[in-house]
Amino acid sequence: TASNGQNYATFTLCIQSYFRETQSETEGQKPVTYVRIFVYGQKQVSYLRKVGAHSGCRATVFGKLNSCGTEIKGTSIVQNNVVVRDIGIIKQKEQQQQ
């Protein structure tokens, strides 16, 4: 809950991540990009609570992407953010026991 009393949700979305570790080195390493997701709409926040969204869930996100620059300890950093207009949690099929 924000200081103004409005409920919100926030999480980080990881994109472009792939690597395979071997005994001697890391192969196929691609840069990992994190995008901060902000959900302010009460309808969307209620939906996330209703479906029990949690870490590791897959989601579809529709919103506005923006970037802002900042400097931390002398290092320039660009942060990517999405302000969500609509969100959906992708239900994964439960693994069948063999």
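Predicted model: local features only at pLDDT ≥ 70, side-chain atom pairs only at ≥ 80, totals over all residues.
Reader: OK, on to the fold. Which elements does the chain have, and in what order do they run?

Author: You'll find one helix and six strands. Starting at the N terminus, the order is β-β-β-β-α-β-β.

Reader: How do I read which strands pair with S6?

Author: Look for bridges: two strands pair if at least two are found between them. S5, residues 58-72, pairs with S6 in the antiparallel sense over 15 bridges. One of the residues to look up is Gly63, whose bridge partner in S6 is Val84. S6 itself covers residues 75-90, and S4 (residues 33-39) is joined to S6 too, running parallel through four bridges. There, Arg36 has Asn81 as its bridge partner.

Reader: What about side chains along a strand like that?

Author: In a regular strand they alternate between the two faces of the sheet.

Reader: Which residue in the hairpin of S5 and S6 takes a positive phi?

Author: Lys73, with a phi near 50°. That hairpin has two residues between its strands.

Reader: Last one: what share of the contacts with a separation of 6 or more comes from residues 24 or more positions apart?

Author: Such residues account for 53% of those contacts in the chain.

Terms used:
Residues numbered from 1 in each chain as written. Heavy atoms only, no water. Contact = heavy atoms within 4.5 Å.
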